[in-house]
Amino acid sequence: MHLLTSTICISLAVLLTACNPLNREDGAVVDSSTATIGITERAAFELLIVALEQRPNADLDCLQFLPESNNDDAIASSWEFAAIEVHDDTCGGDPYVGHVRDRYKVSADDSVMIYDPRDAEYKPF
């Protein structure tokens with residue numbers, strides 16, 4: 001009986017260790033037992049801003065970003081964001097209208113994609 005109890009305890013410890021995700025500093029979580037990758041919404045948004053800042057004509061002061069993902073979890077494999085134009089005295093435009101300029105998808109593998117409405121799919125940014 002003692003051998004059975006020891007075997008169960010060791011098996012449980014191995015399973016719990018294997019299922020414990022490894023946290024990365026950028027907010028992504030890697031679960032090595034199933035090779036799935038996840039990222040928090042905040043980390044995905046930060047990756048998007050970094051990618052946009054590298055563009056020469058990024059006017060981030062006149063954009064507002066709203067998450068569009070239907071992820072109820074804190075960690076997901078990807079997050080989608082809509083870039084909505086800000087219309088005010090500084091940016092100009094009708095303050096009662098907010099156009100979606102672009103849509104972006106940020107994946108846990110650090111890739112950023114932009115939505116192409118002609119093909120109705122995300123393409124590399």
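How exposed is Arg101 in relative accessibility? At 39% relative accessibility, Arg101 counts as partly exposed, where buried means under 20% relative accessible area, exposed over 50% and partly exposed in between, with a 1.4 Å probe and protein chains only.

## Basis and confidence of the model

This is a predicted model, in which local features need pLDDT of at least 70 and side-chain atom pairs count only at pLDDT 80 or more, while totals for chains, interfaces and linings use all residues. Residues are numbered from 1 along each chain as its sequence is written, and side-chain values use heavy atoms, with hydrogens and water left out.

The pLDDT, which is the predictor's confidence in each residue on a scale from 0 to 100, averages 78 for the protein, and 70% of the residues score at least 70.

## The disulfide

A search of the whole structure finds one disulfide, defined as a pair of cysteine sulfur atoms within 2.5 Å. The bond joins Cys62 to Cys91 with an S to S distance of 2.0 Å, and the link of Cys62 and Cys91 is left-handed, with -90° about the S-S bond. The pair links distant parts of the chain, 29 residues apart: Cys62 is in the loop between helix H2 (41–53) and strand S4 (63–67), and Cys91 is in the loop between strand S6 (78–85) and strand S7 (100–107). Helices (H or I, at least four residues) and strands (E, at least two) are DSSP runs, numbered from the N terminus.

The two cysteines fall into separate accessibility classes: Cys62 is buried, with a relative accessible area of 11%, whereas Cys91, at 25% relative accessibility, counts as partly exposed.

## Aromatic pairs and a charge over a ring

The count comes to four aromatic pairs, under a rule by which rings of Phe, Tyr and Trp (its six-membered ring) pair if their centres lie within 6.5 Å, with planes under 30 degrees apart counted as stacked, over 60 as edge-to-face and the rest as tilted. The rings of Tyr104 and Phe125 have centres 5.5 Å apart and planes at 90°, so this pair is edge-to-face. Tyr104 in strand S7 and Phe125 in the segment after S9 are 21 residues apart, and the pair links distant parts of the chain. Tyr104 is buried, with a relative accessible area of 4%, while Phe125 counts as partly exposed at 29% relative accessibility.

The pair of Tyr115 and Tyr122 is also edge-to-face, because the ring centres are 5.2 Å apart and the planes are at 65°; here Tyr115 counts as partly exposed at 30% relative accessibility, and Tyr122 as buried at 18%. Elsewhere, ring pairs link Phe45, Phe65 and Phe81 into a cluster. Arg55 lies over the face of Phe125, at 4.0 Å from the ring centre, the criterion being NZ of Lys or CZ of Arg within 6 Å of the ring centre and within 35 degrees of the ring normal.

## Salt bridges

The structure holds six salt bridges, each a side-chain nitrogen of Lys or Arg within 4 Å of a carboxyl oxygen of Asp or Glu. One of them is formed by Glu85 with Arg101, the closest N and O atoms being 3.7 Å apart. Glu85 lies in strand S6 and Arg101 in strand S7, so the pair ties together parts that are 16 residues apart in sequence. Glu85, at 23% relative accessibility, counts as partly exposed.

Lys123 forms a salt bridge with Asp116, with the closest N and O atoms 3.2 Å apart, and another with Asp119, with a closest N and O distance of 2.3 Å. Salt bridges that share partners join Asp116, Arg118, Asp119 and Lys123 into one network.

## Positive phi values

Asp110, in the loop between S7 and strand S8 (112–116), has a phi near 70°, a positive value in a residue other than glycine. Ala120, found in the loop between S8 and strand S9 (121–124), likewise has a positive phi, near 55°. Asp110 is partly exposed, with a relative accessible area of 39%, and Ala120 is exposed, with 51%.
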